[in-house]
Amino acid sequence: MSFKVTILTALFLALGFAASGAFAQEPLKVCAAEDEMPYSNKKGEGFENKLAQLVGEELGRKVEYVTWTDPRFYLRDYLDKGLCDVSIGMDTGDPRVLTTRPYYRSGYVFITRQNDNLDLRNWDSEVLRKAERIAYVPGSPAEVMMRAIGRYNDMFNYEQELVGYKSRRNQYVKYDNAKLVSEVASGRAEVAVLWGPAGARYVKESSTPLKVTVIPDNNTRADGEKVGFHYSTSMGVRKGDEALLAQLNQVIEKRQHDIRQILEAEGIPLLPEQEPALAMQKQD
């Protein structure tokens, strides 16, 4: 009897040590926006918050968020300095970091009211030449094409009205994705042009039925240079952290179905991945 008790005791102790070892792993520190919805916020309400939790669950590591407020400097000031380990949403091939295999691909979209029945397929559509107001984010590929079709100057004052936040430091300007969608829903603008994942949630939540048209990826600016509208998204880690990169790639491969469910529930338009994945850097 004492022999059996000794064996059982040893087994329980071994299991206890194994469990404590699992829970004693270092937390996964995720670089996350304090208030950049629909991606992330301090309440964990963004779709990238959900993806971070999925990654932490698969790795057996508790997720801790290291939040930032200015997207221009978080890689330099947080990821590169080791204050956080991973950024969930990065352009595939971003040269500042090591990026995983893509976990989704999407594109910029035109957003219109369903009842308007606008014949809007691409940047050559007559609708864009006649629209009184087109809501878009300056600095994005949409601005390049607004210039190409000759609508940039007459929309300039309207775009200034859409600014949601301007910081005192270096005049960081922020546009609220929900506001741009609401401009169309309310009838104030005929068209909005947004990165699909940025507007999907607000299109889905709109009480006014809205239509989303993925913009073809065959656009060129005035000098004939290609303007990209479809991009692949990966997770990013510090250069040199190949071990974590390999783990994240395994998570993406193993949990691709669950990742897709999160993205589809968000309403994000998903496009087929290219081989090799597009490595252009998207402008926000």
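Mentor: Setting aside the neighbours within four places in sequence, Y78 touches V66, T67, W68, L83 and C84, where contact means heavy atoms within 4.5 Å. This is a predicted model, in which local features need pLDDT of at least 70 and side-chain atom pairs count only at pLDDT 80 or more, while totals for chains, interfaces and linings use all residues. Residues are numbered from 1 along each chain as its sequence is written, and side-chain values use heavy atoms, with hydrogens and water left out.

Y78 sits in helix 3. Helices (H or I, at least four residues) and strands (E, at least two) are DSSP runs, numbered from the N terminus. Y78 counts as partly exposed because its relative accessibility is 25%. The scale calls a residue buried under 20% relative accessible area, exposed over 50%, and partly exposed in between, with a 1.4 Å probe and protein chains only. Y78 also lies 9.9 Å from V30, C-alpha to C-alpha, although 48 residues separate the two in sequence.

What is C84 joined to? A disulfide connects C84 to C31, with 2.0 Å from S to S. A disulfide is a covalent bond between the sulfur atoms of two cysteines; the rule used here is a pair of cysteine sulfur atoms within 2.5 Å. By that rule the count is one disulfide. The link of C31 and C84 is right-handed, with 85° about the S-S bond. This pair ties together distant parts of the chain: C31 belongs to strand 1 (residues 28–33), C84 belongs to the loop between helix 3 (74–79) and strand 5 (86–91), and the two are 53 residues apart. Are these cysteines buried or exposed? Both C31 and C84 are buried.

D85 is also placed in the loop between helix 3 and strand 5. D85 has a relative accessible area of 13%, so it is buried. Apart from neighbours within four places in sequence, the contacts of D85 are P27, L28, K29, R61, L79, G236, V237, R238 and L244. L28, in that list, lies within the range of strand 1, residues 28–33.

Now for the wider setting. The protein chain has ten helices and 15 strands. Of its 284 residues, 45% are buried. Among contacts between residues at least 6 apart in sequence, 71% join residues at least 24 apart.

Some of the helices pack against one another. Two packed helices are described by the angle between their axes and the distance between the axes. Here the axes are lines fitted to C-alpha atoms, for helices over the stretch in contact, and angles run from 0 to 180 degrees between N-to-C directions. Helix 2 (residues 47–59) and helix 10 (residues 256–266) have axes 10 Å apart and pack at an angle of about 165°. Helix 2 is therefore roughly antiparallel to helix 10. The naming rule is that angles under 35 degrees count as roughly parallel, over 145 as roughly antiparallel, 65 to 115 as roughly perpendicular, and the rest as oblique. The crossing of helix 2 and helix 10 is right-handed; a crossing has that name if the near helix is turned clockwise from the far one by less than a right angle, and is left-handed if anticlockwise. Helix 2 contributes F47, K50, L51 and L54 to the contact, and helix 10 contributes D258, I259, I262, L263 and E266. The residues of this contact of helix 2 with helix 10 divide into six nonpolar, no polar and three charged. In this grouping Ala, Val, Leu, Ile, Met, Phe, Trp, Tyr, Cys and Pro are nonpolar, Asp, Glu, Lys and Arg are charged, and the others, Gly among them, are polar.

Another pair is helix 7 (residues 177–185) and helix 8 (residues 196–205), whose axes come within 9 Å and cross at roughly 55°. That angle is why helix 7 is called oblique to helix 8. Their crossing is right-handed. N177, A178 and V181 of helix 7 meet A198, G199, Y202 and V203 of helix 8. In the contact of helix 7 with helix 8 there are five nonpolar residues, two polar and no charged.
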